[in-house]
Each structure stands twice: as C-alpha cells, then as structure tokens.
Amino acid sequence: MRLSRIIMALTVGLAVVAVPTAAGAAQPQPTPSGTPQPPPYPPAAASLTVNRPTIFLGETVILTGTNFGPNETVDISVTVTPIAAPAAGNAPARRSDGTTVAMAPVAYQASAPLNFTAYTDAQGRFTKSYKPSVTGLLTFTATGRESGRTASTELRVLHRKQPLPVTGDSIGTPMKLGGGLVGAGAIMLLLTLAWRRRQRFGGAAH
C-alpha cells in the first residue's frame, strides 16, 4: 500500500514538472535584445507606370517607379514592337479620278534612348520623363541595381494624323469647273443683251 502511494506521488510530481517545460518550449524564443522576433514579411513588389497609356508621336510621358531600393540607381530599357493595325495618318490619298496614293510616314530626325537610368529617393520612388521617337508598342523594364527588384509597363505610340496634301489634280478640277461656270455665265449675259437689243430696235421699226 505504501509502495503504490509512493509511485503515485512520484508520477504526479513528474507531471507537474513537465507542464512548465512544455509551455516554455511553445513560447517564441526571444531575440538577444529580449524582445520576441516578429515573423518575416516579404517586401512589397516594385511597380512601374506611365501617366498616359497611349500618346501621339512627339508627345512626352512620365514614368513613375515605386517600391524599389532607397537611394539606388534604376536601369530602364525600352523594347519596341510594331503595331499591326495601320497607324492614323497613313490612309491613302484619293485623286480626282478615283485612284489612290499611299502616304509615306514622316522621317524622324531625333532618336530617343532605348537604355537610360533613374534614381530613387529614400522611399524607393522615382519619376522620369520620356519622349518617344518611334511609333509602336513600347515596353519599359526597370531594374534596381542594388535591390534587384524589377517592374515593367507598356506605352502605345501612334502617328499623329496629318492633313492630306493638296495635289495638282485636286487643284485642277475645281479650277476647270470654275472656269466652265464663268464661261457659261458670260455666254448667257451676251445672249440676254442681244435679245434685249433686238426687242428694242424691232419695236422702233414698227
């Protein structure tokens, strides 16, 4: 009887000692400073945007990057993809006889860079202006040199609609039509004067 009581007392004692040990193991381990270490969170993804998704050739856009590294250099590259649909302003011009003449695109004098850099502020943000010199679908890709973060955005650049040129045929047709109307009017005036003169002298003879 005494032996069973002793065994029971030892079992209860071991259980009481084991409970605080297990509870302590479940608690988050403190950092060397004594405060619990918070769970790690992934950094926010970098982003790159343009203030206007579609522009005409010759206009300027503003690129804005966010969530890059603070005070770092960001490399920006530009790739150009031709737009499949015919650009505005390249519609064929039509002559007076019904035939058409294809309009040639305007030659570009300046060339915008396809690789350039931007610099972020302390919050990892930057803005950069860009004036495209070609038409098409432009893809901008920004990569932080220190952080390695990257982001991209697209811009559609269209031909500005140009007025159709005035050709010799388009000028000649109105001039011919106007000359014919003037000639017909002169003939009608002469016939009217002759008729009145005949009526006047004919009445005097009677």
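These are my notebook entries on what I looked up in this structure, a predicted model.

**Entry: the whole chain**

I started with the overall layout. The chain holds 2 helices and 10 strands. Reading from the N terminus, I get the order α-β-β-β-β-β-β-β-β-β-β-α.

Next I looked at how much of the chain is covered up. Of its 206 residues, 19% count as buried.

Then I checked contacts. I took the ones between residues at least 6 apart in sequence, and 67% of these join residues at least 24 apart.

Which order do the strands of the open sheet have? I read 1-3-8, with antiparallel pairing, in a sheet of 3 strands. Strand 1 (47-50) and strand 8 (126-130) stand at the edges. Each has a single partner strand, so one side of each has no neighbour in the sheet. From one strand to the next, the twist averages 20°.

I then zoomed in on strand 1 and strand 3. Strand 3 takes in residues 61-66, and the two pair in the antiparallel sense over 4 bridges. I looked up Thr-49 too, and its bridge partner in strand 3 is Thr-64.

I went on to the loop between strand 3 and strand 4, where I found Asn-67. Asn-67 is not a glycine, yet its phi is positive, at about 65°. Asn-71 is found in the loop between strand 3 and strand 4 as well. Its phi is positive too, at about 55°, and it is not a glycine either.

Are these residues buried or exposed? I checked each one. Asn-67 has 31% relative accessibility and counts as partly exposed. Asn-71 has 59% and counts as exposed.

**Entry: salt bridges**

A reminder to myself before counting: side chains of opposite charge can pair when their charged atoms come close.

How many salt bridges are there? The count comes to 3.

I began with Glu-59. It forms a salt bridge with Arg-52, and the closest N and O atoms are 3.0 Å apart. Arg-160 forms a salt bridge with Glu-59 too, with the closest N and O atoms 3.3 Å apart.

Glu-59 has a relative accessible area of 19%. Buried means under 20%, so Glu-59 falls on the buried side of the cut-off. Arg-52, at 33% relative accessibility, counts as partly exposed. Arg-160 is partly exposed as well, with a relative accessible area of 41%.

The other salt bridge I looked up is between Arg-145 and Asp-75, with the closest N and O atoms 3.0 Å apart. Arg-145 lies in the loop between strand 9 (136-144) and strand 10, and Asp-75 lies in strand 4, so the pair ties together parts that are 70 residues apart in sequence. Arg-145 counts as exposed at 52% relative accessibility. Asp-75 is partly exposed, with a relative accessible area of 30%.

Which residues end up in one network? Arg-52, Glu-59 and Arg-160 do, joined by salt bridges that share partners.

**Entry: a nonpolar patch**

Which residues make the nonpolar patch? I found Val-80, Leu-114 and Val-134, which make a patch of about 200 Å². I followed up on Val-80, which lies in strand 4, residues 73-81. Val-80 has a relative accessible area of 37% and is partly exposed. Patch residues need over 30%, so Val-80 passes that part of the rule.

How values were computed: Residues are numbered from 1 along each chain as its sequence is written. This is a predicted model: local features need pLDDT of at least 70, side-chain atom pairs count only at pLDDT 80 or more; totals for chains, interfaces and linings use all residues. Side-chain values use heavy atoms; hydrogens and water are left out. Two strands pair if DSSP finds at least two bridges between them. Axes are lines fitted to C-alpha atoms, for helices over the stretch in contact, and angles run from 0 to 180 degrees between N-to-C directions. Patches are made of residues with over 30% relative accessible area and no salt bridge: like charges are joined within 9 Å, nonpolar side chains (Val, Leu, Ile, Met, Phe, Trp, Tyr) within 5 Å. Accessible areas come from the Shrake-Rupley method with a 1.4 Å probe; for residues, only the protein chains shown count as cover. A salt bridge is a side-chain nitrogen of Lys or Arg within 4 Å of a carboxyl oxygen of Asp or Glu. Buried means under 20% relative accessible area, exposed over 50%, partly exposed in between (1.4 Å probe, protein chains only). Contact means heavy atoms within 4.5 Å.
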